[in-house]
Amino acid sequence: MPFRKSLLSFVEPTARFRTTPFWSVRPRLVSCLVFTTMLFSSALGHAMSDTLYIMKQSTSVGFTESQFTSFLRGTSFSRTNAHLQVQSNEVLDLVLYNLDTLNHTFTIDNVVEGNNVIPALGSLSIQIPPLPDGTYRFYSDSPYGKYLGASGVLQVGYFEHARYCWNTFDLDVQDSESIVLGENDQLSPDYLPTNFLINGNVYPTSASDSLTAVSGALNDTIIISMVNSGNMIQSFHFHGYHVTILNSNQENTQVGWSKDSLPIRKGEGITLMLVAYQTGTYPVHAHNLVATTTSGIYPGGMITLITISP
């Protein structure tokens with residue numbers, strides 16, 4: 001059943017952190033701790049583990065070069081942040097390695113907000129408790145993290161359906177450069193982004209990227225988790241279909257509505273359900289014209305496709 005309140009109303013467990021070397025205790029105590037941890041994890045729910053790396057690198061988008069920071073599953077750089085997917089009632093054990101020379105955080109609003117600093121060239125282990133089905137944003141709360149794209153999607157539940165994650169981001173090259181150089185730790189008051197990305201890509205790549213472009217069969221139920229990791233409100237328009245807004249990580253009066261156009265606020269994560277009632281190929285795009293450009297050139301930016309076969 002869709003939840004309509006903020007996550008603060010639902011999430012009671014807090015994330016657990018490991019900050020001291022586990023091997024520094026005596027062997028008998030190690031055995032006891034391992035057994036106790038297994039029992040505690042079982043009580044919370046089935047546990048899965050994952051490893052992420054934080055990296056920063058200069059990369060080209062359209063006709064410009066800019067610095068990006070990403071949460072990655074390996075040590076090869078990409079603008080596409082890792083997507084985390086866990087089952088309902090599943091504990092997530094995360095190990096995070098910071099390959100940047102500056103400190104970062106791993107933050108999930110109302111879930112992980114303290115004891116979450118990943119030191120420069122260091123690591124941190126975090127246990128995230130079971131969360132209600134839905135879409136959550138994780139990010140680095142440092143200026144050279146969140147303003148440079150270090151933000152991803154945590155998708156909980158819906159494993160019985162096809163699932164997609166759309167992580168949107170916008171940037172202004174001059175603002176990004178100012179943050180990289182340490183001249184500012186905030187975006188300028190006249191922030192005017194020139195590049196608009198879905199999962200680290202711009203159109204036309206975003207229309208062929210398997211992580212972004214939706215494909216399915218007639219009558220499929222498809223779940224799309226959207227996160228606005230950028231710095232301005234976005235609005236998206238679906239051609240060919242309406243989607244039902246199942247839940248949001250912020251207060252959202254449109255939960256439960258069926259719409260073909262919908263807003264997504266800064267930092268918001270929303271879960272959408274699309275029922276593929278007709279075949280064909282249909283575009284989905286930002287409803288703000290500037291967000292469908294790349295470095296001022298149209299078409300570009302936030303455009304992708306839905307393709308439904310018989």
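Predicted model: local features only at pLDDT ≥ 70, side-chain atom pairs only at ≥ 80, totals over all residues.
Among the contacts in the chain with a separation of 6 or more, 66% are between residues 24 or more positions apart.

**Aromatic pairs**

- Eight aromatic pairs are found in a search of the whole structure, and one of them is the edge-to-face pair of Phe 71 and Phe 106, with 6.0 Å centre to centre and 90 degrees between the planes.
- Phe 71 belongs to strand S3 (residues 64–72), whereas Phe 106 lies in the loop between strand S6 (104–105) and strand S7 (107–108), so this pair ties together parts that are 35 residues apart in sequence.

**A pair of tyrosines**

- Tyr 241 and Tyr 277 form an edge-to-face pair, because their ring centres are 5.7 Å apart and their planes stand at 85 degrees.
- Tyr 241 lies in the loop between strands S16 (234–238) and S17 (243–248), and Tyr 277 in the loop between strands S20 (269–275) and S21 (280–286), so the pair ties together parts that are 36 residues apart in sequence.
- Tyr 241 counts as buried at 2% relative accessibility, whereas Tyr 277, at 52%, counts as exposed.

**Arginines over rings**

- The charged end of Arg 137 sits over the ring of Tyr 139, 4.0 Å from its centre.
- Arg 163 lies over the face of Phe 159, at 3.9 Å from the ring centre.

Definitions and conventions
Residues numbered from 1 in each chain as written. Heavy atoms only, no water. Contact = heavy atoms within 4.5 Å. Phe/Tyr/Trp six-rings, centres within 6.5 Å; stacked < 30°, edge-to-face > 60°. Helix = DSSP H or I, 4+ residues; strand = E, 2+ residues; numbered from the N terminus. Buried < 20%, exposed > 50% of the residue type's maximum accessible area, 1.4 Å probe, protein only. Lys NZ or Arg CZ within 6 Å of the ring centre and 35° of its normal.
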